[in-house]
Amino acid sequence: MTLPRPHRDDLLIAAGGLAIGLLMWSFGLHTQNDAPVTARWATLGPLVVMATMEALRRSLPQTALTVGTLALVADQFTHGSLVTALMFTDVVYAAVVYGSPASARRIPYTTGLITIGVTIGFLVWWQNAIALLVGLITGMLSFLPAVTGAVVRNHRQAADAARLRAEQTALLAEMDRTQAVVAERARMARELHDMVANHLSAIAIHSTAALSIDEPGTTRQALTVIRENSVEGLAEMRRLIGLLRDSSGDAEPAVAPTLDGLEALLAQARVNGEPSALTFALEDARSRGAGPLPAPVELAAYRIVQESLTNALKHAAPGEVRVELGRRRDGALTVGVTSPFGGRPGPSAPGSGAGLVGMRERVALLDGEFEAGPLPAGDGGDVWRVRAVLPVGTKDKEPQAWYG
């Protein structure tokens, strides 16, 4: 069995206490004159043992207290050394501060009972006030250092707990910041896709038509539509990039699109869908007295219709694309977009599937319902339907300040 290595500070305390004790011994400074053991050198034994225990005060606190107590008792049978008693108080203090939790709780109570017992015992034996002085000295040597050690240990534990809470708070803050960045990137991706995909799809369709049909009138019309969509797409890109770059906080918040702009959106879709023989219709069955819709609901509904029209331009067969809006009895807004489903003879544009993911995310942020897919054969033939139910009374979960 190997003993733990003493701490450097404990070795310095032990060496200093032993040196002062030897100096006082050499000058004949003792705590009592009448002693059972009259040999002058006998005082050095408890002094050396107590100094050794001082060296182990941190590595073996309970052992140091036990042996130190025996050394202090032995010192009472000699002429006594003040340094031995003072080092014992430090051993008691260290046993509470560096000992096990059970020892730290037990030692103050034990020393308190010992102090009371010694005081009562000497009062019964001597029956004078000197017994109170002995009890006071016993308390100063044992109980007071133990209480001081308990207070210091409690403060250290409280400081460690506060430091741990601060580290956990910092970690949670960093996790929240990371999640906020991820969420912000997802919102930026949705907005960028919804704003630009419509224009790029129209550009792809009309450029394909211009390349496949060798007619000057058709080519000129396609190039005109391409230019209009390019200009509008670049304008929206600049607006979004400007909002992302602006960190002053002084700019007015961007105006989010609302359902009032659906007519303009469908008018643009009619122009872009002409080469694919697509027609567009809007059926707004909302009750006029139902009150205004929250801005996040208006934005989500607008983007769902916009993305559905973009998908229809890319993939729908010739026919009618119908947009339907309505309000349920519970106030929720219903959005439905149906388009012909099947092969198309005209030009088409490739898709990545990100549009459906973005629509589903928008509805999920509002705790709504979303479904997209072909209708059964008995429900209207080959028809692709997008349907969303957006609750009006839900808490606004998605920031709107920078939406374009």
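Q: Is D10 buried or exposed, going by its relative accessible area?
A: This is a predicted model, in which local features need pLDDT of at least 70, side-chain atom pairs count only at pLDDT 80 or more, and totals for chains, interfaces and linings use all residues. Residues are numbered from 1 along each chain as its sequence is written, and side-chain values use heavy atoms, with hydrogens and water left out. Buried means under 20% relative accessible area, exposed over 50%, and partly exposed in between (1.4 Å probe, protein chains only). D10 has a relative accessible area of 0%, so D10 is buried.

Q: Which residue forms a salt bridge with D10?
A: A salt bridge puts a side-chain nitrogen of Lys or Arg within 4 Å of a carboxyl oxygen of Asp or Glu. For D10, the closest N and O atoms of the pair are 3.4 Å apart, and the partner is R58.

Q: How many residues apart are D10 and R58?
A: Helices (H or I, at least four residues) and strands (E, at least two) are DSSP runs, numbered from the N terminus. D10 sits in helix 1 (residues 8–26). R58 lies in the loop between helix 2 (44–55) and helix 3 (61–75). The pair links distant parts of the chain, 48 residues apart.

Q: Which residue meets E371 in a salt bridge?
A: E371 is partly exposed, at 37% relative accessibility. The N to O distance in its salt bridge is 3.0 Å, and the partner is R385.

Q: How many salt bridges does the structure hold?
A: One of them joins R322 and E320 at 3.3 Å, N to O. The total for the structure is eleven.
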